[in-house]
Amino acid sequence: MEMKTLCVVLLVLLAVPCVAADLTGNWAVRDPLPDGTSRNTYLDLHQEGSQITGTIRSGQFYYRIVESAGGPDGFTLTGSMTDGANERHVKYEGKLVGDELHLLTRRRPDSELIEMVAHRAPAGEGAYPSRRPLPELHKVSANGLAKTPPMGWNSWNKFAGRVDDAAVRAMADRMSANGMKEAGYEYVNIDDTWQAGRDAQGNITTNKKFPDMKALADYVHGKHLKIGIYSSPGPNTCAGYEGSFGHEEQDARTYAAWGIDYLKYDWCGARNIYTDQEMRAVYQIMGEALLKTGRPILFSLCQYGRAEVWKWGPDVGGNSWRTTGDIRDTWDSMTSIGFAQDELAPWAGPGHWNDPDMLEVGNGGMSEDEYRTHMSLWSILAAPLLAGNDLRNMTPATLEILTNREVIAINQDPAGQQGRRVSKEGDQEIWTRPLSDGGLAIGVFNRSATPARIILKWSDLGRKSPPARARDLWAHSDVNLDGGEYAVMVPAHGVAMLRVAK
Ligand code: GLA
């Protein structure tokens, strides 16, 4: 063998194990989903000796590697990210097998270990976009919508990622036929997981579950209802789908062209790029973009009540803003959110509402009394009433709770004044909401697990004598009042709700 050939052979023999045994590179775990999209995780690794640095991008999360040990034969990595006040970590164990990275990780620290296989991806694929300049703050003109709290349905609580075109049509069918529409429910809202990606011109595209968004909007409009959609100011939504980052105006135009009437805009992926202090400017971009389309599109802010959003929500064109993290279908979740809203009352009013998250009524995790408490409290709070159950198969009791016109009239009272707690004694709370006719809505809540006789003293409400008329809004009957107090038996976790005249 010639010397030159021998050198080449030796080089190849030496170089192959040397290259293959290096973890450096961009690695992708591709996880195809039935909707035609895929949920990719990218590990962009740089190995120097026994140290591995780099980043991990997974759905809405973007971590910097802060700790590592080992090498190609077996390594561990810890990624860290900060999200406002919270620090979040992810850990991977792995080893190089041929040209694959075999990985073990957990979605959450307490969840099961999952195995994944990563392959080499082109450099730059999945790279996190860098921040874009933010606009100067100014006041976005009000869009004139949501003079009373928005009412409708949203897919997330019941369907999460399983929402599709057929489900949305079915909800519109039901809502227009089962009395909900007449009771005031208007918006049929698609939450996360409708997106595919972007076309060559950067237009947002829908995934297999939503073959034609314009046709779907036409269908919903044909039922004399309105349709809502969901996005994020970040590159990814909470479920890891395409967000509006850098495409805000283009997306707003697309929504308008489809005939969209409502946008829920969820911070999620934006946390990897901007700070909480920058939220207002970030939300202003979309508020402005929606206004520019010329189509009335209700703007629903979702950033979990951070950065005192109630103080600037209306200034970015917001019609509502979430005040808390996600609700769950449990008594504890619902009450810890609902009964914590008292101090936010001054910030709500016609056109702009505190949003303690969507309704769980009918989803099965609470009793009927508990759902009546949920509906009553949300009405006193002037909260958006977005049903979150499957409208195709609800019990008569669920429908009756959702369509109680007398309770809804409290929620929709045109004065738009949010109610407040007037007393709390142990598990008994009394809340009131002043109404446009000079009357008052009164919620008598029993948060204990046993029935209670609760006494409402008119003097506690600043009245010398009982009101001339009072109505029990769940019994649908007038209440006879005399004397200085009203005593009522309230079921465990239940409510008595009254409307009293001036
Ligand atoms: C966040 C929101 C939820 C829902 C999901 C969708 O958690 O708070 O209401 O929109 O994202 O991924």
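Student: Is Leu134 buried, partly exposed or exposed, and at what relative accessibility?

Tutor: Before the answer, note that this is a predicted model, in which local features need pLDDT of at least 70, side-chain atom pairs count only at pLDDT 80 or more, and totals for chains, interfaces and linings use all residues. Residues are numbered from 1 along each chain as its sequence is written, and side-chain values use heavy atoms, with hydrogens and water left out. As to the terms, buried means under 20% relative accessible area, exposed means over 50%, and partly exposed lies in between, with a 1.4 Å probe and protein chains only. Leu134 has 25% relative accessibility, so it counts as partly exposed.

Student: Where does Leu134 sit, and which residues does Leu134 touch?

Tutor: Helices (H or I, at least four residues) and strands (E, at least two) are DSSP runs, numbered from the N terminus, and Leu134 lies in the loop between strand E8 (113-121) and strand E9 (151-154). Contact means heavy atoms within 4.5 Å; leaving out residues up to four places away in sequence, Leu134 touches Tyr274, Glu278, Ala281, Val282 and Ile285.

Student: What is the side chain of Ser244 in polar contact with?

Tutor: A polar contact is a pair of N or O atoms within 3.5 Å; within protein, one must be able to donate a hydrogen and the other to accept it, and residues adjacent in sequence count only if both atoms are side-chain atoms. Ser244, in the loop between strand E13 (226-231) and helix H6 (248-258), makes such a contact through its side chain with the side chain of Ser231, at 2.7 Å. Ser244 is buried, with a relative accessible area of 0%.

Student: Which residue has its side chain joined to that of Lys264 by a polar contact?

Tutor: The partner is Asp191, at 2.7 Å. Lys264 is found in strand E14 and, at 9% relative accessibility, counts as buried.

Student: How many residues does each side give to the contact between domain 2 and domain 3?

Tutor: Domain bounds come from an automatic or database domain assignment, which here gives domain 1 (3-120), domain 2 (151-416) and domain 3 (421-500). The contact takes 27 residues from domain 2 and 24 residues from domain 3. Buried area is the accessible area (1.4 Å probe) that two parts lose on being put together, summed over both, and for domain 2 and domain 3 the value is about 2300 Å², with carbon and sulfur atoms giving 62%. Phe339, Ile380 and Glu406 supply 31% of the area that domain 2 buries against domain 3, more than any other three residues.

Student: How many salt bridges are there between domain 2 and domain 3?

Tutor: A salt bridge is a side-chain nitrogen of Lys or Arg within 4 Å of a carboxyl oxygen of Asp or Glu, and the count between domain 2 and domain 3 is one. Glu406 forms a salt bridge with Arg471, and the closest N and O atoms are 2.7 Å apart. Across this interface of domain 2 and domain 3 there are also 13 residue pairs in polar contact, both residues being at pLDDT 80 or more.
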